[in-house]
Amino acid sequence: MGQVHVLDHPLIQHKLTYIRNKDTGTKEFRALVQEVSMLMAYEITRNLPLAETDVETPVATARTKVIAGKTLALVPVLRAGLGMLDGILNLIPNAKVGHVGLYRDPETLKPVEYYCKLPPNVEERDVIVVDPMLATGGSASAALTAVKARGAKQPKLMCLVAVPEGIRTVQADHEDVDIYTAAIDEYLNDHGYIVPGLGDAGDRLFGTK
């Protein structure tokens with residue numbers, strides 16, 4: 001069973017407080033989401049494999065380490081996942097980027113994939129699916145299904161805020177997936193919003209209603 005990791009670094013928790021604040025404007029909200037995403041990426045990549053190499057310092061040859069194997073693949077879920085992307089790329093500029101687009105069928109209320117474009121050799125990469133909110137879990141699960149269908153092995157899921165319902169859905173559908181979140185909130189209300197949450201992440205990132 002995949003693990004749930006709550007990233008409780010003080011800087012992450014501090015910035016998440018301001019992300020939650022209803023009075024935080026679009027510009028500041030966007031910057032804070034990028035900052036938290038970068039800090040979360042630092043934690044998520046803690047166990048990347050390393051290989052030894054030699055490098056010439058100004059003084060002597062040093063035996064040191066570099067990240068081994070293929071670079072990461074980041075896959076934001078459109079559209080809100082885009083708000084987290086630049087923050088991660090600031091830390092890992094060589095990461096490759098894919099995208100998954102989903103919409104909710106008005107009759108079945110199930111997520112439907114309308115777009116999926118992934119980097120080449122995705123099966124050889126460490127894939128992180130990025131979406132700010134893990135609410136019902138339907139979209140996150142569908143995105144994970146989409147990347148797995150195209151060869152991704154054991155992708156990770158990264159979100160700012162999750163609720164137990166969404167975690168249970170992802171774990172039921174993808175028992176091999178680790179979930180990384182900055183907080184686990186209380187519940188979903190009747191409108192599908194995370195409580196206390198941070199509102200609609202997409203609307204707050206892009207200034208839409």
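Me: Before we start, what does buried mean here, and what kind of model is this?
Reply: Buried means under 20% relative accessible area. Exposed means over 50%, and partly exposed lies in between. As for the model, it is predicted.

Me: Which residues of helix H3 are buried?
Reply: Helix H3 covers residues 82–91. Its buried residues pack against other elements, including helix H2 and strand E10. The buried residues are Gly-83, Met-84, Leu-85, Gly-87 and Ile-88.

Me: Which elements do the buried residues of H3 pack against?
Reply: Met-84 and Leu-85 are among the buried residues of H3. The partners of this buried set include both helices and strands. They are H2 (26–44), E4, E5 (96–97), E8 (127–130), E10 (156–162) and H6.

Me: Is Lys-27 buried or exposed?
Reply: Lys-27 sits in helix H2. Its relative accessibility is 74%. The cut-off for exposed is over 50%. Because 74% passes that cut-off, Lys-27 is exposed.

Me: How many Å apart in space are Lys-27 and Gly-207?
Reply: In sequence, 180 residues separate Lys-27 and Gly-207. In space, C-alpha to C-alpha, the value is 8.9 Å.

Me: What is the volume of the largest pocket?
Reply: The largest pocket is lined by 25 residues. Among the elements that give two or more residues to this lining are strand E4 (73–78), strand E6 (99–104) and helix H4 (138–149). The volume of the largest pocket is about 700 Å³.

Me: Which residues lie nearest the centre of the largest pocket?
Reply: By class, the lining of the largest pocket has 13 nonpolar, eight polar and four charged residues. Nearest the centre lie Arg-104, Asp-131, Met-133, Ser-139 and Asp-200.

Me: Where does UniProt place the feature "binding site"?
Reply: The record is an unreviewed entry. The lining of the largest pocket takes in the residues of this set. UniProt places the feature at Ile-194, Gly-199, Asp-200 and Ala-201.

Me: Is Ile-194 buried or exposed?
Reply: Ile-194 lies in strand E13 (residues 194–195). Beyond four places in sequence, Ile-194 touches residues including Met-133, Val-161 and Tyr-187. Its relative accessible area is 7%. That is under the 20% cut-off, so Ile-194 is buried.

Me: How does Gly-199 count by relative accessibility?
Reply: Gly-199 is in the loop between E13 and H6. Leaving aside neighbours within four places in sequence, Gly-199 is in contact with Met-133 and Tyr-193. Its relative accessibility is 35%. Because 35% falls between the cut-offs of 20% and 50%, Gly-199 counts as partly exposed.

Me: What is the volume of the second largest pocket?
Reply: The second largest pocket is lined by 17 residues. Leu-48, Ile-67, Thr-71, Leu-72 and Ile-92 lie nearest its centre. By class, the lining has eight nonpolar, four polar and five charged residues. The volume of this pocket is about 320 Å³.

Me: In E3, what is the bridge partner of Ala-51?
Reply: Strand E2 (residues 50–56) and strand E3 (residues 61–67) pair in the antiparallel sense over seven bridges. E2 and E3 form a hairpin with four residues between them. In E3, the bridge partner of Ala-51 is Val-66.

Me: Which domain does UniProt place at residues 6–208?
Reply: This span is 33% helix and 29% strand. Its end C-alpha atoms lie 29 Å apart. The unreviewed UniProt entry gives the domain as Phosphoribosyltransferase.

How values were computed: Residues are numbered from 1 along each chain as its sequence is written. This is a predicted model: local features need pLDDT of at least 70, side-chain atom pairs count only at pLDDT 80 or more; totals for chains, interfaces and linings use all residues. Side-chain values use heavy atoms; hydrogens and water are left out. On a 1 Å grid over the protein atoms alone, a cavity is a set of points where a 1.4 Å probe fits but cannot get out, and a pocket is an open set with protein on both sides within 12 Å along at least five of seven lines; lining residues have an atom within 4 Å of a point. Grid points are joined across faces, edges and corners, and a volume is the space filled by probe spheres set on the points. Ala, Val, Leu, Ile, Met, Phe, Trp, Tyr, Cys and Pro count as nonpolar, Asp, Glu, Lys and Arg as charged, and the others, Gly among them, as polar. UniProt positions are given in the numbering used here, feature names are shortened, and annotations may be inferred rather than shown by experiment. Buried means under 20% relative accessible area, exposed over 50%, partly exposed in between (1.4 Å probe, protein chains only). Contact means heavy atoms within 4.5 Å. Two strands pair if DSSP finds at least two bridges between them.
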